[in-house]
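Walk through this model one region at a time, with the sequence and the coordinates side by side.

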Amino acid sequence: MKGIAVVLGLLAAGPSGAQELSGLARLVPEASRIEASGAGVAVDLAISQPVPWRVRVMDQPPRLVMDFREVDWQGIGTLDKGGLAGLLAGTFRPGWSRLVAELPGPMAVVQAGMATEGVTRVTVRLEPVSAEAFAAKAAQPEPQEWALPKPADLPKAEPRHDGTLVVVLDPGHGGIDPGAERGPVKEADLVLTFARELKELMMRDGDTIVVLTREEDVFVPLETRISVARAAGADVFLSLHADAIAEGEAVGATVYTLSEEASDAAGKTLAERHDRADLLAGVDLTEQDDMVARVLMDMARTETEPRVARLAEALVAAIQGQELRMHRHPRQEAGFSVLKSPDIPSVLLELGFLSSERDLKRLQDKAWRAKMAAALREGLRGWAKDEAARAGLR
């Protein structure tokens, strides 16, 4: 069962039980280690001060999850993984951080504790167990005060008739999910900076409302991003990314629309990577729609798809009109979960790729970002004006 956890240790009653605590603890990487211990794994973390924390396991894939209030995880990437399949760390919700260790197989926590004399040390020992025993532990229910709120099935706000354009910008990744990384540069930071700049530009028009799905470096589940758009009464949803591609050379901006079949292998890889970040963080991506709901959503998408196609064309034309570098295939399709709103025209824009040195320099150039923001503003406003004209002809 995806996203179901067992609480194995807890030094606070829950998120609300520690709100009076303040001060940010930090990891002491030079005094921390993760190493194989026989057939198991030993996690020994040094942090600058005691904080409330808990530890649990989750399944599909097997993971160790440790939540803290709150730890700056800078330097975690320098630690040897000690046989772990993967390691993620960062802010999970305001005031709370999370460390997720992807385990090599089913393992149980046999020891967990915090020593507070001198440098605070958090120790966790894991040993292999049977798949059945692990599944039983992972299937224990999550305490209500710790669970992420379920994505709200919010009705779309009533359409406005005053000519106002409502744009929801979705800076990808954030918090525990930094996205692509190149040296000290994180995709999550780059796209948040750009989203803020684009919002400021578009709000100057006076007839545009711009909402961001995240305003800071926090984790926001994919489905919650869609809920934000619905609650805002979005006319358009634009997800912003700057990924990295290991295979071949990817350079330039790319506009993606939703399709179950990806245009190419790279698009498929990117979509799977985005969903995997949610899965590792503990969000259940299993579809719960019944047959009737799926039929209704398909009907809504049939009506929305032409508008999405025109939106993608408008953005590509505007970016090319500013003579900004685009991918050799500037418009592509992939199965990004964040684009699955059936009634809100939604596209995903790869501003560039951190795997490209040229794109990285462009993304860090304020003048280039301003030019890209101007292009997107022009494309969005032109599309909205055209859609309004088409609606008036019906």
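The model is predicted: local features need pLDDT of at least 70 and side-chain atom pairs pLDDT 80 or more, while totals for chains, interfaces and linings use all residues. Numbering starts from 1 along each chain as its sequence is written, and side-chain values use heavy atoms, with hydrogens and water left out.

S5 (residues 53–58) and S6 (residues 63–68) run antiparallel and are joined by six bridges; two strands count as paired if DSSP finds at least two bridges between them. Helices (H or I, at least four residues) and strands (E, at least two) are DSSP runs, numbered from the N terminus. The two strands form a hairpin with four residues between them, and glutamine 60 in the turn has a positive phi of about 55 degrees.

In a regular strand the side chains alternate between the two faces of the sheet. In S5, Trp53, Val55 and Val57 point one way, Arg54, Arg56 and Met58 the other way, and all are buried. Buried means under 20% relative accessible area, exposed over 50%, and partly exposed in between, with a 1.4 Å probe and protein chains only.

Serine 97 lies in strand S9 (residues 96–102) and is buried, with a relative accessible area of 1%. Its side chain makes a polar contact of 3.4 Å with that of tryptophan 73. A polar contact is a pair of N or O atoms within 3.5 Å; within protein, one must be able to donate a hydrogen and the other to accept it, and residues adjacent in sequence count only if both atoms are side-chain atoms. Beyond its neighbours within four places in sequence, serine 97 is in contact (heavy atoms within 4.5 Å) with residues including Met66, Phe68, Val71 and Phe92.

Further along, six strands form an open, mixed sheet in the order S15-S12-S16-S19-S17-S18. Its edge strands, S15 (208–212) and S18 (326–334), each pair on one side only. Within the sheet, S12 (residues 165–171) and S16 (residues 236–241) pair in the parallel sense over five bridges, and leucine 169 has leucine 238 as its partner in S16.

Helix H2 (residues 187–203) packs on the sheet, touching S12, S15 and S16, and its direction makes about 165 degrees with that of S15. Axes are lines fitted to C-alpha atoms, for helices over the stretch in contact, and angles run from 0 to 180 degrees between N-to-C directions. Helix H3 (residues 222–232) lies across S12, S15 and S16, at about 165 degrees to S12. Among the buried residues of H3 are Leu222, Ile226 and Ala229.
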